[in-house]
Amino acid sequence: MKAVITIVGQDRVGIVAMVSEILAVNSVNILNINQNILDGFFNMVMIVDMTSSKVSLKDLQQVLKGKGQELGLDIKVQHEDIFQIMHRI
Amino acid sequence: MLTIQEILETNRMIEQNNFDVRTITLGISLRDCCHSDIKIFCQNIYEKITRAGEHLVRTGEDIEAEYGIPIINKRISVTPIAIVAESCHTDTYVPVAQALDAAAKTVGVNFIGGFSALVEKGYTKGDRILIQSIPEALAQTERVCSSINLASTKAGINMDCVREMGQIIKRTAELTKDRDALGCAKLVVFANVPEDNPFMAGAFHGVGEAEKVISVGVSGPGVVKRALEEVRGQDFSAVAETIKKTAFKITRVGQLVAQEASRRMGVPFGIIDLSLAPTPAVGDSVAHILEEMGLESCGAPGTTAALAILNDAVKKGGLMASSHVGGLSGAFIPVSEDAGMIAAVERGSLTLEKLEAMTCVCSVGLDMIAVPGDTSAATISGIIADEAAIGMINNKTTAVRIIPVPGKKVGDSVEFGGLLGYSPIIPVNTFKSDDFIARGGRIPAPIRSLTN
């Protein structure tokens, strides 16, 4: 199963490193990263593969949300199907 | 691979434009619960509903979390109670409403629909008992919704019931006057009622439905409004095309949610209801879509045409996005539940007569309209007769959900709270229709009923 991670918030050093580390520890494989800075705001969208993940989607949501709150970031993890079904026939 | 723009577009629809799935509704047949002893019957329906609906709320919450799409309501609809309670030896179905209410509370759904009767051609004993039980049933319960179908294109209009429902609505208002006649917000009178509608207050589980079924109602007026901002000044072909594309995207998500809920609960998928259902929240208004098309205020000349475009384009776009479409499917115009409608009434641009015209082209009818408390039962029946006639002749669903608020008059307003919103009291034509309503009997089915 693939998931989409979106991260929005104030830019700072180490956001990508922090998220990547959590994903690596849980065996979640990053397939695609798209990141930019708009008006000082950090925007990143990641598509990840959770086939070998050690944690469930819900648990990953909890971990990233909690870590995001510590750093003032809004981190969402969603099942990829909601985007696929809306934008692909 | 998905693009970043597509991902951000979906999340913007959810976070900024109030896109949500309005309801997952589990329909449950109660046809195997009948019993001559009403206590045993009530026990049967309580047990069946709580067993069938045990995982509904949890399933909805799981899907909401995994996909990041808000699912606002989880609800239950049941077989019309007038049918399944008919074999009980009793003269009131109030205890049945209480059993439904208790089951809804146990399962954790916010509404349960099906305290209903289908009387478009005439009454049975159970229909009469049910209708007479409505005021007390709605006063004594919190989550039960009631609906009556009193007209259809095939059968004509049951004018005896039209007369009776005027009185029942007044009585319901009286018994719930301490809550601004809230009981009337849970009571809707239909013509051509769909038997698979997942939206309240009119949801029930039709007699032709399976044992259990999952239906989903989508929403998203804010998303349509936002999309139309991109085509300001362009012609109506562009307007219709934009609405269709947006409705397609919205409905696809509804289809995903319905399929997942169906799979996880092991209950067949019924239909998606492609409705634009507003809420009182800012940015979630159907009236604001009509105004975005170029009207100064909802109700201005052109409003009916604007609503016709919207209603038709929503269906065309949504139809392709789902394997099964049904229910009411279109644009709702509930006054108290739509910030733009409320504002239009307050500034005097939207009247009851204009709303009646709009119901010729919207998906349902006169909805959540608060009128003066001294509006007579016969006048309410006259309003119901007009709506039923529009539905019967035009082969569409129409409905009336009207609230004569005791003690309130034009200039006052009423607060129902939550999704039901608030409304200024809308003036009603004060010329009488008493003698017209007193006639009773049946208005014959129209010529277009003879289609065979």
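1. Let us begin with a term: two residues are in contact when they have heavy atoms within 4.5 Å. By that rule, 24 residues of chain A are in contact with 25 residues of chain B. Please keep in mind that this is a predicted model, in which local features need pLDDT of at least 70, side-chain atom pairs count only at pLDDT 80 or more, and totals for chains, interfaces and linings use all residues. Residues are numbered from 1 along each chain as its sequence is written, chains are lettered from A in the order in which they are written, and side-chain values use heavy atoms, leaving out hydrogens and water.

2. How much area is buried between chain A and chain B? It is about 2400 Å², with carbon and sulfur atoms giving 66%; buried area is the accessible area (1.4 Å probe) that two parts lose on being put together, summed over both. A:I82, A:I85 and A:M86 supply 28% of what chain A buries against chain B, more than any other three residues.

3. Next, the charged pairs. Three salt bridges are found across the interface (a side-chain nitrogen of Lys or Arg within 4 Å of a carboxyl oxygen of Asp or Glu). A:K76 forms a salt bridge with B:E15, and their closest N and O atoms are 2.7 Å apart.

4. Which element gives the largest share of the side of chain A that touches chain B? Helix 3 of chain A does, with seven residues; helices (H or I, at least four residues) and strands (E, at least two) are DSSP runs, numbered from the N terminus. That side of chain A divides into eleven nonpolar, eight polar and five charged residues. Here Ala, Val, Leu, Ile, Met, Phe, Trp, Tyr, Cys and Pro count as nonpolar, Asp, Glu, Lys and Arg as charged, and the others, Gly among them, as polar.

5. On a 1 Å grid over the protein atoms alone, a pocket is an open set of points with protein on both sides within 12 Å along at least five of seven lines, a cavity is a set where a 1.4 Å probe fits but cannot get out, and lining residues have an atom within 4 Å of a point. Of its 34 lining residues, B:R75, B:M200, B:E337, B:R401 and B:L420 lie nearest its centre. Strand 10 of chain B gives the most to this lining, with three residues.

6. Finally, the largest cavity has a volume of about 80 Å³. Its lining divides into three nonpolar, six polar and three charged residues.

Key:
Points joined across faces, edges and corners; volume = space filled by probe spheres on them.
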